[in-house]
Amino acid sequence: MPPRARRANYQPLRVGEMVAQELRERIFRGEYVGSLPKQEALMEDFQVSAPSIREAFRVLESEGLISVRRGNVGGASIRLPDANDTAYALGLALQAKRVHVKEVAESLWLLEPVSARLCAEREDRATEVVPVLKKIVDESETRIDVDPWEYEAMRFHDALGDLCGNFAVREIIASLFVLYHQHVDEWTELHGSYTTRKERESVVKQHRRLITCIERGDVRGAQRASETHLCSILSPLLDEEIVTAAVPRNNHNQRPREEATSHPG
């Protein structure tokens with residue numbers, strides 16, 4: 001007689017969790033913009049009790065998808081996750097494993113040439129990629145004597161990832177840069193700028209060289225230019241520091257990122 005199949009130990013979802021699941025899907029589909037409907041409207045929509053709606057709100061709030069205001073003028077504001085949220089979660093994992101900031105830099109050295117290649121492959125690069133990158137480089141050159149200047153150069157790299165056309169690559173690189181920026185910002189606040197004027201001029205030239213490769217659709221050239229350049233802007237000063245998850249999940253007062261393009265699909 002064959003052995004009995006072991007029963008899977010599935011725990012049924014509670015009503016509040018099921019409501020949260022559906023609300024999450026509606027948020028991601030764009031059915032709700034800005035805020036969720038009032039609790040009474042959701043109770044009628046889902047035919048559930050007030051405690052179930054409150055439980056659903058607690059689930060979504062713990063995920064960072066909504067911010068709940070209590071009281072007579074209360075409500076649930078929608079807050080879609082971004083690179084800051086991903087960076088915070090990643091930072092926690094890296095900090096727990098005592099990972100050094102230099103390993104974050106090494107990851108960027110490996111990944112950014114991919115985004116450079118993808119930018120060069122875009123058929124619409126002449127209108128959607130090159131003008132944005134040229135504008136950033138022009139601005140960085142006009143501010144070349146501003147201290148600290150490193151952020152001006154890093155804006156270029158932020159944009160390169162944003163414009164690569166692959167949203168998965170874009171979010172991974174953006175999260176790594178959020179973590180790296182956090183540590184560079186803290187270092188420059190204490191010690192000031194770490195690049196000389198000659199080094200800054202060299203960075204600007206390298207950025208323009210990379211843009212030329214992208215503009216020509218020179219995929220290999222763009223990748224090589226990125227590989228040889230990135231190490232000149234990522235500071236070696238942070239080699240011995242441990243990654244810290246210092247980016248608050250609900251704090252949007254981070255660096256303003258360049259406007260992202262729409263999803264290529």
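Is Glu215 buried, partly exposed or exposed, and what is its relative accessible area? Glu215 is partly exposed, at 41% (buried is under 20% relative accessible area, exposed over 50%, partly exposed in between; 1.4 Å probe, protein chains only).

This is a predicted model: local features need pLDDT of at least 70, side-chain atom pairs count only at pLDDT 80 or more, and totals for chains, interfaces and linings use all residues. Residues are numbered from 1 along each chain as its sequence is written, and side-chain values use heavy atoms, with hydrogens and water left out.

**View A. Lys134 and Glu215 meet in a salt bridge.** The N to O distance is 3.5 Å (a salt bridge is a side-chain nitrogen of Lys or Arg within 4 Å of a carboxyl oxygen of Asp or Glu). Lys134 sits in helix H7 (residues 130–142) and Glu215 in helix H10 (residues 197–216), 81 residues apart. Helices are DSSP runs of H or I, at least four residues, numbered from the N terminus. Lys134 is partly exposed at 34%.

**View B. Lys135 forms a salt bridge with Glu139.** The closest N and O atoms are 2.8 Å apart. Both belong to helix H7; being four residues apart, they are separated by about one helical turn. Glu139 is buried, at 18% relative accessibility.

**View C. Salt bridges link Glu22, Arg26, Arg29, Glu31 and Asp45 in a network.** Arg29 and Glu22 meet at 3.5 Å, N to O. Arg29 is partly exposed at 49%, and Glu22 is partly exposed at 27%.

**View D. Trp187 and Tyr194 form an edge-to-face aromatic pair.** The centres lie 6.1 Å apart, with 85° between the planes (rings of Phe, Tyr and Trp, its six-membered ring, pair with centres within 6.5 Å; planes over 60 degrees apart count as edge-to-face, under 30 as stacked, the rest as tilted). Trp187 is buried at 18%; Tyr194 is buried at 19%.

Note on methods: Helix = DSSP H or I, 4+ residues; strand = E, 2+ residues; numbered from the N terminus.
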